[in-house]
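Welcome! Take a moment to turn the model around on your screen, and then let us walk through it together.

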Amino acid sequence: MRMHLFHALLATALLAGCSGSDDHLTLINGSNTSIENGAIRVEGSQIVLHPEHGASATIGSSGDFAVDGKPVNITPAQRALLLQYYAGAEAVREHGVETGKAGAAIAGEAIKGAVSNMAGGDGKSTEDKVSAQTDKVKQAALKICDDLEQIRSAQDQLVTQLDAFKPYGQLITADSVSECRKGNDD
């Protein structure tokens, strides 16, 4: 039982603040969210894109797009895609918080179970509760994978429709999404 509690607490610590593999880290810290090791950052009411090489760009909550602080003229169709991108990044933040809360619930159940077991309680009941909470964490984390897919879909379309977006066309890759799903199917 103690080993199960240790694994549950370790998983909680890892999932409360991040999702994905070491290569595709997503961190939520207050009002800021860092996706893909900082390549995409949700900062207040804007999304900041940081390509490996080149100028940073921003997507505003109204779908405005700027590169290196300079506004880019966009069509209504491009604005709709930028809004889809924005919504996906915002959803990563929301679902990351949800995942963290679910992870914290695991810790709570594990701690209650440890105290109960020391007092001679039923370890099986605790294992069942921790297992149920673990399933909630996995389901919440899978929502982040869906959000990454939404970002990638908008990104791929923007690359073909907006020349100024091309430097940002590889921030979320198919591998990012598949590794997220693989990491949350274990």
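## A hairpin and its turn

β3 and β4 form a hairpin, and four residues lie between the two strands. Helices (H or I, at least four residues) and strands (E, at least two) are DSSP runs, numbered from the N terminus. β3 covers residues 32-35, and four bridges join this strand to β4 in an antiparallel arrangement. Two strands count as paired if DSSP finds at least two bridges between them. Across the pair, Ile 35 stands opposite Ile 40 in β4.

What is the phi of Glu 36? Glu 36 has a phi near 55°, which is a positive value in a residue other than glycine. Asn 37 also has a positive phi, near 55°. For background, most residues other than glycine have a negative phi. Glu 36 lies in the loop between β3 and β4, and Asn 37 has its place in the loop between β3 and β4 too. Are these residues buried or exposed? Glu 36 counts as buried, at 9% relative accessibility, whereas Asn 37 is partly exposed, with a relative accessible area of 45%. Here buried means under 20% relative accessible area, exposed means over 50%, and partly exposed is in between (1.4 Å probe, protein chains only).

## What kind of model this is

This is a predicted model, in which local features need pLDDT of at least 70 and side-chain atom pairs count only at pLDDT 80 or more, while totals for chains, interfaces and linings use all residues. Residues are numbered from 1 along each chain as its sequence is written, and side-chain values use heavy atoms, with hydrogens and water left out.

The pLDDT is the predictor's confidence in each residue, from 0 to 100. Its mean over the chain is 79, and 66% of the residues reach 70 or more. Over residues 1-22 the pLDDT is below 50, and this stretch has 35 contacts in the model beyond near neighbours in sequence. A contact means heavy atoms within 4.5 Å.

## The chain as a whole

How many helices and strands does the chain have? There are four helices and eight strands. Reading along the sequence gives the pattern α-β-β-β-β-β-β-β-β-α-α-α.

Of the 186 residues in the chain, 40% count as buried. The chain exposes about 9500 Å², and carbon and sulfur atoms supply 54% of that area. Accessible areas come from the Shrake-Rupley method with a 1.4 Å probe; for residues, only the protein chains shown count as cover. Among contacts with a separation of 6 or more, 59% are between residues 24 or more positions apart.

## The nonpolar core

In soluble globular proteins, nonpolar side chains tend to be buried together. A nonpolar core is a set of buried Ala, Val, Leu, Ile, Met, Phe, Trp, Tyr and Cys residues joined through side-chain atoms within 4.5 Å. The largest one here has 30 residues, of which Leu 49, Phe 65, Tyr 85 and Phe 165 touch the most other members. Two or more residues each come from β4 (40-43), β5 (46-49), β6 (57-60), α2 (76-118), α3 (123-161) and α4 (174-185). With seven residues, α3 gives the most to this core.

Leaving aside its neighbours within four places in sequence, Phe 165 is in contact with residues including Leu 49, Ile 59, Phe 65, Leu 82 and Tyr 85.

Gln 78 sits in helix α2 and counts as buried, at 8% relative accessibility. Not counting residues up to four places away in sequence, Gln 78 touches Asn 73, Leu 158, Gln 161 and Leu 162.

Which residues does the disulfide join? It links Cys 145 to Cys 180, with 2.0 Å from S to S. A disulfide is a pair of cysteine sulfur atoms within 2.5 Å, and the structure holds one. The link of Cys 145 and Cys 180 is left-handed, with -85° about the S-S bond. Cys 145 lies in helix α3 and Cys 180 in helix α4, so the pair ties together parts that are 35 residues apart in sequence.

Cys 145 is buried, with a relative accessible area of 0%, and Cys 180 is buried with 3%. Glu 179 also has its place in helix α4, and this residue is partly exposed, with a relative accessible area of 28%. The C-alpha atoms of Glu 179 and Cys 145 are separated by 8.8 Å, and the two residues are 34 residues apart along the chain.
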